[in-house]
Amino acid sequence: MSVTAITGTTAITMDAARRVIENATIVFADDRITAVGGAGDVTIPDGAEIIDGTGTLTLPGLIDSHAHAGHGLTRNLGARAGGDAWFQACEDLYTRGSTAGFWQAEARLSALERLKAGITTCTMLLGGGADHYRTETREAGDLHCAATREAGLRTMLAAGVNRAPFPKTYRSLDQSREVTLSFDEQLAVCAELAGAHNDLLGAGTGVCLIMPVYQPDEVAEDPQTIRRMCRDVMDLREKAGLLFTQDGHRNGSIELAETLEIIGPWSYLSHSVDLTEGDMAAARRSGTSIVHNPSAIMSVYGRCPAPELRDMGVNVALGSDAAAPDRGYDMFRHMAQCLHYHRRHFRDPDVMMPIDVLEMCTIDAARAIGLAEDLGSLEKGKKADIIMLDREQAHLYPPIMPLTAAAQFANAGDVDTVIVNGKIRMRHRKTDLDERAILTSAAQELTDAIARCGLEHLLEE
């Protein structure tokens, strides 16, 4: 058995008492935490490896509840073009211009960025939106899960079906032919991915299902088809014991989702802007979680009532919606953005506190994926998913008020050490990954994909 002890740190535990422990010691054996407490309260076993935590803040590994596979290669693309240029480029690249190499390079790049940012668990949608999930075969999903295992992280892969009507036409990943894709074929691939990769706590890869958010007018146009699709997705979810997520709820869609019987304690719904009273009540009744993405474009167009939902007892997690077109995986940045976003709305600097946003990307995010007993806090018996921030820096000094320091002043570059499942994956910002090869491959794969789609004009600034 491998035993490790972190000593002399300031631990932001996120446990039930929300303890912040100065001069803390955290002991973990293999993949589980065995003790957390003050230096005088914890006995370090003989022979334990010691990690000197002097000058650090230690937190549970951060959990990003909503991001997109593919976007890591398309950040900044089309910034000058404006409008919907980026969205259209993503659809072109993901459905027609991408290869296996594209998806592998993007998965490795995104995993590296998340590792460097202290995100130990992340929900990644396998594609850019409801019209281009890359589930015509298992290949893109398999490559993404392999990259997760290489980095030693945890990824909940959201595999799903496109928006009706079907069929959809893709270009195959080997670029040799057009592929006509049906709903049933996509759902079958989702089932295969779930059968192969659904072990988030062990192997580090889990699978949840996703389908488009529908508005009442869309259901009214073709109720039979959409209701049948909902039933089929839910049948697979129940049979395989999967979670369910959705991207883009707004203005009446949660209440509709409840009537379609696709939400419950096993679901988490992203964006959720401009919600009606009926939406908020449906979220509370159903036990679904909401994922707030304060840095996303949808949070420019509308507002997620995250504080109000929390006050109602709805579980609210935080998501990056990374990595494009204008945001990355820096959850510290998104925490600060969340605070300012709602304080500005209410014109009240006390409407949310640092502890609130820290909860939203740790213990509440773990609750959203049904793993609050294993992840999201530094407690005895939980998985040893731990991050350490280098506090010996001007922007984190004086060394007071650690909650405020973490939520309002820290950034991804402050993450010094990352431990996942009891294994050190980054120490002093050095990883075991071939970082130069990952960056080089990412740049080349984007260049090649842009050329295939004739999108060179989107590189102009």
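**Setting up**

The model is predicted: local features require pLDDT of at least 70 and side-chain atom pairs count only at pLDDT 80 or more, whereas totals for chains, interfaces and linings use all residues. Residues are numbered from 1 along each chain as its sequence is written, and side-chain values use heavy atoms, with hydrogens and water left out.

**The whole chain**

The C-alpha trace spans about 65 × 50 × 45 Å along its principal axes.

Next, colour by accessibility. Of the 461 residues, 60% are buried (buried is under 20% relative accessible area, exposed over 50%, partly exposed in between, with a 1.4 Å probe and protein chains only). Among contacts with a separation of 6 or more, 72% link residues 24 or more positions apart, a contact being heavy atoms within 4.5 Å.

**Arg-19**

Select Arg-19, in the loop between strand E1 (3-12) and strand E2 (20-29). This residue is partly exposed, at 36% relative accessibility. Display side chains to find its polar contact with the side chain of Asp-15, at 2.7 Å. A polar contact is a pair of N or O atoms within 3.5 Å; within protein, one must be able to donate a hydrogen and the other to accept it, and residues adjacent in sequence count only if both atoms are side-chain atoms. Beyond its neighbours within four places in sequence, Arg-19 is in contact with Ala-11, Ile-12, Thr-13, Met-14 and Val-36.

**Ser-253**

Move to helix H7 (residues 253-259), where Ser-253 is placed. Ser-253 is buried, at 1% relative accessibility. Its side chain makes a polar contact of 2.7 Å with the side chain of His-249. Leaving aside neighbours within four places in sequence, the residues in contact with Ser-253 are Val-213, Tyr-214, Gln-215 and Asp-279.

**Gly-319**

Now select Gly-319, in the loop between strand E15 (316-318) and helix H11 (331-346). The relative accessible area of Gly-319 is 0%, hence buried. Not counting residues up to four places away in sequence, Gly-319 touches several residues, including Asp-64, Ser-65, His-66 and Met-331.

**Backbone features**

Finally, inspect the loop between strand E8 (154-160) and strand E9 (168-171), which holds Pro-165 and also Pro-167. The peptide bond from Ala-164 to Pro-165 is cis, with omega near 5 degrees; the bond joining Phe-166 and Pro-167 is cis as well, with omega about 5 degrees.

Continue to Gln-175, in the loop between E9 and strand E10 (178-181). Its phi is near 65 degrees, a positive value in a residue other than glycine, and Gln-175 is partly exposed at 23% relative accessible area. End at His-428, between strand E18 (423-427) and strand E19 (430-431); although not a glycine, His-428 has a positive phi of about 50 degrees.

Methods:
Helices (H or I, at least four residues) and strands (E, at least two) are DSSP runs, numbered from the N terminus.
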